[in-house]
Amino acid sequence: MATPQVNKVSKLTGHRDCVYALEQGDLPKRIFSGAGDGMVVAWELDKPEEGERIAQLPNSIYALHHIKKSNYLVVGHNYDGIHLLDWRYQKELASLQLTTSAIFNIQSFANLLLVATGEGMVFVIDTDTWLIKKKILASEKSARSIAVNVRLGEMAVGFSDYTIKVFGLDDFQLKYEFRAHSNSIFALRYMPGCDLLMSGSRDARLKVWDATHQYHLVEEIAAHVYAINDIVFSPDGQYFATASMDKSIKVWNANQMKLIKVIDKARHAGHGTSVNKLLWTSYNNQLLSASDDRTISVWDIQF
């Protein structure tokens, strides 16, 4: 199994606090970031030194979501709610107060937004009317991560009560519930092209669940030393990367579930603090990593 070549091509700077959110824009080269400083910044990877601040909010931002149909950006504003931005004109179109807690993740399905919050609630919001369609209170602990499988018609949610709960997308009723880890579940992703769910936890373990067999456990890996904060797949779905509180990024072969590269400070001038978020773009196959060190690193990965 060939080892990929990794080079750090740029470092995006300008945030004044930990960077928690990365989101793909309307073009492969365009991405958005959100941080503890309340700033939302737009970047173009062919001009990485020219980030543009498009919003400034009073509280930290853990979650961003780009709506492809409208090319608008949804910002999860901690201790407040969500804001709908026309980022091109730096204009707020709508806002919705949801919570006095944190907003950890935002996903979408059809014309619905799915918002996970620190009070254990998942809000279902109609993007056409900007009204709350449903509130799902499934735990007394935080809802940390959401993954959507349109083919199965299911939404998986990872909670800080160590469980994964799976809901139907047609009625948002609970279908499955199981204790998945020994600590909070920070990352969930359905693997591209198949019905396997991947989870990463504060317990530093990576697990794979078969959604076609009532989420039976099929793989478990001691992947990191400390918490796994995020999981992303390469554009071709052949590889995935994990980000950790242990300051490293690890690149894996998705078919074999084998580790093939470690990106860290010692070997690649990586981050010296927790790696919070990843984004694997189709722009030159570049992988982006956001960290507590207030920067975003851009990695060129050649297989």
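Strands β20 (residues 205–210) and β21 (residues 216–222) run antiparallel and are joined by six bridges, where strands (E, at least two residues) are DSSP runs numbered from the N terminus and two strands pair if DSSP finds at least two bridges between them. Within this pairing, L206 stands opposite I221 in β21, and the two strands form a hairpin with five residues between them, in whose turn Q214 has a positive phi of about 55°. The structure is a predicted model, in which local features need pLDDT of at least 70 and side-chain atom pairs count only at pLDDT 80 or more, whereas totals for chains, interfaces and linings use all residues. Residues are numbered from 1 along each chain as its sequence is written, and side-chain values use heavy atoms, with hydrogens and water left out.

The protein contains one helix and 28 strands, helices (H or I) being DSSP runs of at least four residues. Strand β12 (residues 121–126) pairs with β13 in the antiparallel sense over six bridges, and M121 stands opposite L137 in β13.

A salt bridge was taken as a side-chain nitrogen of Lys or Arg within 4 Å of a carboxyl oxygen of Asp or Glu, and by this rule the count comes to 14. D26, K29, R30, E44 and D46 are linked in a network of such contacts. Since R30 lies in strand β3 (residues 30–35) and E44 in strand β4 (residues 39–44), the pair ties together parts that are 14 residues apart in sequence. R30 counts as buried at 12% relative accessibility, whereas D26 is partly exposed at 35%; buried means under 20% relative accessible area, exposed over 50%, and partly exposed in between (1.4 Å probe, protein chains only). Elsewhere, the side chains of R88 and D86 meet in a salt bridge (3.2 Å, N to O), R88 being partly exposed at 42% and D86 buried at 8%.
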